[in-house]
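Okay, thanks for coming, everyone. Have a look at this one and then I'll talk you through a few contacts.

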Amino acid sequence: MANYIITLVLGIFFGFSLNKAGLTKYHKIVNVFRFTDMAVLKFMMTALVVSMSGLYALRGLGLVTFPNVPATYIVGNLVGGLIFGVGMALSGYCPGTCAAGAGEGKMDYLIPGVLGFLTGAVLFGLTYQQVFPPINAIANYGNAIIPELWNVSAFLFITMFTLMSLLLFYLIDRVGWQRKDSHQ
Amino acid sequence: MKFILNYIRREEWSPYVAGALLGLVGIGAVWASNNLLGASGAFENLAGMFGKWIAPAVFDNMYFNFIMPPGITIGVVLIIGIFFGGMIGAATSGTLMWFKKGSANSDAQWKRIFGPQTWKRWVLAFVGAVILEYAAGIAGGCTSGLAISGGMLLAPSAFLFIAGMFASGIVTALVIYRNRY
């Protein structure tokens, strides 16, 4: 029960952050693919920098153990990502931002979004046996993490990732690596 | 204090501040419940639950029995939280859309590019949502369950997924926007 309450509270903060970042708006999601508004990229990379630094620090101190790491099977992760991007650009949401947008009272999130996800879930569940095992079998590294797979220090990797993110933020915000939207 | 309250009331935050908050939520999930965030899996649990009510024989397969068991899982609780989080976020800035004019077709840019018809927005959104959920199944998660949750643990899968997502998102936007890109 306690776990359910904790999860509910975490979900509320999650949805709140999506709303405040503007990701519950169609144009925010699509415009990152048009390079006219890079908020999605800034939001995701900041979240990654904060969470990876925090989690590896906490693990180093022995305060957390990692849950099941999402599995790496190269073709499936990549092809899944490629198909996912098409859906994102068409709808202007992903499952999380759609749930938050529905909470804001947007009917074009609540109705076609939720019905679409349920339909997609049924299609996947009914074709799982034919589709998933063959893809999952190609180049499968199980629950790998980069520090162990490449034998690099996690500290070094996270430092590099952070510096790269900061450089990218600098290029976007100060050097102007962003297109002007000529159809505003 | 006044500054913080005023900031909370703003409709849009700096993506860096909002992103840092999501990062803390990601840490919180591991620290407080040894769990990862994720949204797409919840729809699988719900689809299995509805499916088993409507057509139990069709949904009596390995996937809906064992891989993604039906019911109100912890993932479903999380998306209920996300729903209310979005609601609270919009309420603090006075931008709730419930029962308001324009809530059926909520984005000005969409209307400018594709026209005012609500059915068009809904058809494209529905098709997009089907694609998103199926793709998340193949990839092993969506933007939250794989890209953020996997990325923060430094799972290679997350970075492969993000690369694929941006590559095809850019191509799709080019195709559907054409000369308006």
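When I say contact, I mean heavy atoms within 4.5 Å. Helices here are DSSP runs of H or I with at least four residues, numbered from the N terminus. Bear in mind this is a predicted model, where local features need pLDDT of at least 70, side-chain atom pairs count only at pLDDT 80 or more, and totals for chains, interfaces and linings use all residues. Residues are numbered from 1 along each chain as its sequence is written, chains are lettered from A and ligands numbered from 1 in the order written, and side-chain values use heavy atoms, with hydrogens and water left out.

So, what does α2(A) meet in α4(A)? Tyr26(A), Ile29(A), Val30(A) and Phe33(A) of α2(A) touch Gly85(A), Met88(A), Ala89(A), Leu90(A) and Ser91(A) of α4(A). By class, that contact has seven nonpolar, two polar and no charged residues.

Now α3(A), residues 39-60 of chain A. Its axis and that of α2(A) come within 7 Å and cross at roughly 90°. On the α2(A) side we have Lys28(A), Ile29(A) and Val32(A), and on the α3(A) side Ala39(A), Val40(A) and Leu41(A).

Over to the two chains. The contact takes 122 residues from chain A and 124 from chain B. Across that interface there are four salt bridges, meaning a side-chain nitrogen of Lys or Arg within 4 Å of a carboxyl oxygen of Asp or Glu. One to click on is Glu11(B) with Lys25(A), where the closest N and O atoms are 3.2 Å apart.

Key: Helix = DSSP H or I, 4+ residues; strand = E, 2+ residues; numbered from the N terminus. Nonpolar A, V, L, I, M, F, W, Y, C, P; charged D, E, K, R; others polar. Axes fitted to C-alpha atoms, helices over the stretch in contact; angles between N-to-C directions.
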